[in-house]
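Hi,

Here is the model for you to look over. My notes follow below it.

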Amino acid sequence: MARVDLLGAIRERDRAALAAMVGDDVVFNSPVTTYRGRDQVVDLLALIGSVLDDVEATGEVETVTFVKGHMDGDELDGVLVETRDDDGRIAEITLLLRPLATLQAAVRRMARALAEGGQPDA
C-alpha cells in the first residue's frame, strides 16, 4: 500500500524513496506551517523520521492513514492525509498529531534541527 510505503520511507529516512513518491510541486501541511517543493518536503519528511520513533500505520480509510509513534517515550497519534496527482505521485500531504504537549516538544526539536542544518539532537 502506498501510504504504508510512505511511512516506511519516513521511518527509514530514505530520501531517494521519498523523492520518487512526491511530485515536483508537492505541498506538505505540517502542524506548524506549509512547505512547498520536492527538495524541501523530502528534507522535512526525512527529519520527521529522525525525530519520531516507531512511526506506524494503525488504520486506513481512503486517503487517510491513522498513525502512531513516539518521541522520547511519549506517544503521539494522528492522521496523515495524502492527495495524489495524475501520475500517482503525492501532490499534497497533511499531517495532524496529538497530544499537544508531545507535539510541541517534537516541533521544538525539529526547529533546532532545522536551524542546525537538519540533524536533530538525541
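Which residues does R38 touch, not counting those up to four places away in sequence? R38 touches A19, V22, G23, D24, V26 and R89 (contact means heavy atoms within 4.5 Å). One of its side-chain polar atoms lies 3.1 Å from the backbone oxygen of A19. R38 sits in helix α3, residues 38-51 (helices are DSSP runs of H or I, at least four residues; strands are runs of E, at least two; both are numbered from the N terminus).

Two points on method. This is a predicted model: local features need pLDDT of at least 70, side-chain atom pairs count only at pLDDT 80 or more, and totals for chains, interfaces and linings use all residues. Numbering starts from 1 along each chain as its sequence is written, and side-chain values use heavy atoms, with hydrogens and water left out.

Now the sheet. Six strands form an open, mixed sheet in the order β2-β1-β6-β5-β4-β3 (two strands pair if DSSP finds at least two bridges between them). β2 (34-36) and β3 (53-61) are the edges; each has a single partner strand, so one side of each lacks a neighbour in the sheet. β1 (residues 22-29) pairs with β2 in the antiparallel sense over three bridges. F28 has Y35 of β2 as its bridge partner.

Next, the lining of the largest pocket (lining residues have an atom within 4 Å of a point; a pocket is an open set of points on a 1 Å grid over the protein atoms alone, where a 1.4 Å probe fits, with protein on both sides within 12 Å along at least five of seven lines). α4 gives the most to this lining, with six residues.

Best wishes

Definitions and conventions:
A polar contact is a pair of N or O atoms within 3.5 Å; within protein, one must be able to donate a hydrogen and the other to accept it, and residues adjacent in sequence count only if both atoms are side-chain atoms.
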